[in-house]
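Subject: Structure handover

Hello,

Please open it first, then read the notes below it.

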Amino acid sequence: MEKLIHQILAKSYPSTESAIYEIAALKAQLELPKGVTHVISDVHGEARKLRHVINNASGRLRPVVAELFGGNTESSEFKEFLHLLYYPTELLQLKTEEFKTDSEARYQWVLKTLTQQFTIIRSEVRTKRRKDIKNYTPKQFRELFEVLLNFPAGGHHEAFLTVSIRELVSRKMDFQALRAASRFIRNITVEELIVAGDLGDRGARLDWVIDYLMKQPNVSIVWGNHDVSWMGACLGHQALIAIVLRVSLRYRRMFQLEEGYGILTNSLELLAREIYSDDPAEFFKPKRGGERDELTIARMQKAIAIIQFKLEGQIVERHPEWKMDNRNVLKAIDYANGVVELNGQSYKLRDTHLPTVDPLNPNKLSAQEEHCMQRLVESFISSSRLWEHMKWVVERGSMAEVRDRAAIFHACLSLDESGNYLSLEIDGEQKRGPEQFGAFNKVIKRAFRKGSMAQEDDKDWLYYLWAGPRSPLFGKDKMATFESYFIEDKASQKETRNPWFDFINNKDFCAHVCQDMGVDHGGLIVNGHVPVKVEKGEDPVKRGGNAVTIDGAFSEAYGDRGYTLILTDSGEFLAEHHGFKDPVSVVRSGEDIIPTMRKIRTYDSVRLIKHTEQGQRLNQQIQALDGLVEAYEDGLINEETV
């Protein structure tokens, strides 16, 4: 096996010299300050806001630019430069009009602006390897950017710069170079972006969110329960398809399905028109306005909600080991008297019009519902764009990530009242605490290797992750969807949170969890999932100081705020974002939306790459290359002539 590893390495490093040069570069890299990691969570389809947060590096670009401009942050030039970095397309559209008849002014502005951009780039690339810098540069601008990066110290004649830019201006390719340089700056400012779950739902366009994330150079996804609902729907899981549709209808977000993914929903609309034509659907009105008739949307939502409850009942019956009998809601209804018994208490139904429910077999889909679901399943599994997006989310994703001292996962680890991990049988083995993350990683990756032909049990696990009482992506005793629609009593709608959400205020408990996840000292638990209610006095940083919740109500439906956790070489910081206008309005008005920055913890000394898990990987590479050099020297592998 060792010889095989060396043979594979030899393809990239065909000589002793090339291997030694790489060892030297890797050892130097270990001594560099660790890169900056940004962690955000619960984007919930807010693509416009996500773009702003990524483009301004969660506020980190502003002080860098301020230093370039000598601290003069009120000047129009400073604000214009910021907007070039944040919103290059919108800013350059305005500049096109400004320079319409003055090509010389355009040339002078482009030359000056590119020079300013590369002043920032030079300060940011000091800790980057040359081969990594090259990867950030578009091929068509590689030579020009090389000149700008080293001018004038690189010894290039001035004509390499001035003549090249004049030609780009005359060919109207200069603004492309400015956009590329802006992207270059954003990409090198942040080493990695981690999204800690819930990319879609409630907000406008999940597809736009994923499109924009796919354009970023280094993104990792930590799955949330809303992510697994879409993943399961993509695989054709009927209950999760119903859930995705119901949530989209509830928040009037059908464009992402119909326009974004080409999902055909006419079968559901036909079902609502035929079966619920005289139903006021009073308790199914959407949460927001829109172009389509509100009553039609409400009836469609009710139709798919009833289908969801039937399909959930079937899942509960398939998996008695999950102990979710309280979610077999349609079997708990006394149809003659219009009441439902849940958790030992009877409630009057406020809506008893259930024309497709057979009281003798309430979880059985009617013929019309069966036909509707067949068409919907066909539409979901045949959407190539949905498959491309969900496959990317799975490939870039996992249940949890550790970055240096931060243990990042979406919601919780299920606990009993004493703070002990609760077990869950996955693939025939009892798993507790962080063990569940690895087990669920295996299930999800396995399911996506098989696509729509995945085992039904594996698809059902995605449903459990959505709303199961011991799901590490959910953290409550139930998802009270039925109660919110059909029961007036608010007490019935209460979802009891797992003790986890109290224990993360305990410093010793959090330190223990971090140790279980491989962070021996100074760990920080990072979760999303539960919006921080700042208006009620809640604090994202928990009382023990070593846990933070970064779901800051990013979604407009929750509050239009949001957080970015910034992990630097000197400490951990929290940027709080605020609501803002569309990019065009911001650029025209000259506004800069500045996040509120807060220090969580600072380190006694600068954290170097060698202190992190990246350093561990680099050391493993060094060991492997040392072995390759030894194999060359011992004649076990032949070198190529250079």
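Start in the loop between strand 8 (400-403) and strand 9 (406-409), where Asp404 is found. Note that this is a predicted model. Phi of Asp404 is positive, near 55 degrees, and the residue is not a glycine. Asp404 also counts as buried, because its relative accessibility is 10% and the cut-off for buried is under 20%.

Arg252 is another case to look at. This residue sits in the loop between helix 14 (238-250) and helix 15 (254-260). Its phi is positive too, about 50 degrees, and again Arg252 is not a glycine. Is Arg252 buried or exposed? Arg252 is buried, with a relative accessible area of 12%.

Next, helix 2.

Helix 2 covers residues 16-30, which makes 15 residues. At 1.5 Å a residue, the helix should span 21 Å. Its end C-alpha atoms are 21 Å apart, so the model agrees with that expectation. Which residues of helix 2 are buried? They are Thr16, Ala19, Glu22, Ile23, Leu26, Gln29 and Leu30. These residues cover an arc of only 150 degrees around the axis, so they lie on the same side of helix 2. Helix 8 (130-135) and helix 26 (613-633) are among the elements that cover them.

Then two helix pairs. Packed helices are described by the angle and the distance between their axes.

Helix 17 (residues 294-318) and helix 21 (residues 456-467):
- The axes come within 11 Å and cross at roughly 115 degrees.
- The crossing is left-handed.
- On the helix 17 side, the contact involves Glu312, Ile315 and Arg318. Helix 21 brings Glu456, Asp460 and Tyr463.
- By type, the contact residues are four charged, two nonpolar and no polar.

Helix 19 (residues 384-395) and helix 20 (residues 435-450):
- Here the axes come within 10 Å, and the crossing angle is roughly 150 degrees.
- This crossing is left-handed.
- Trp387, Met390, Lys391, Val394 and Glu395 come from helix 19. They meet Ile444, Lys445 and Phe448 in helix 20.
- The contact residues split into five nonpolar, three charged and no polar.

Asp404 counts as buried, and Arg252 is buried.

Best wishes

Technical notes
Residues are numbered from 1 along each chain as its sequence is written. This is a predicted model: local features need pLDDT of at least 70, side-chain atom pairs count only at pLDDT 80 or more; totals for chains, interfaces and linings use all residues. Side-chain values use heavy atoms; hydrogens and water are left out. Axes are lines fitted to C-alpha atoms, for helices over the stretch in contact, and angles run from 0 to 180 degrees between N-to-C directions. Helices (H or I, at least four residues) and strands (E, at least two) are DSSP runs, numbered from the N terminus. A crossing is left-handed if the near helix is turned anticlockwise from the far one by less than a right angle, and right-handed if clockwise. Contact means heavy atoms within 4.5 Å. Ala, Val, Leu, Ile, Met, Phe, Trp, Tyr, Cys and Pro count as nonpolar, Asp, Glu, Lys and Arg as charged, and the others, Gly among them, as polar. The expected span of a helix is 1.5 Å times one less than its number of residues. Buried means under 20% relative accessible area, exposed over 50%, partly exposed in between (1.4 Å probe, protein chains only). The arc is that of the directions from the helix axis to the C-beta atoms.
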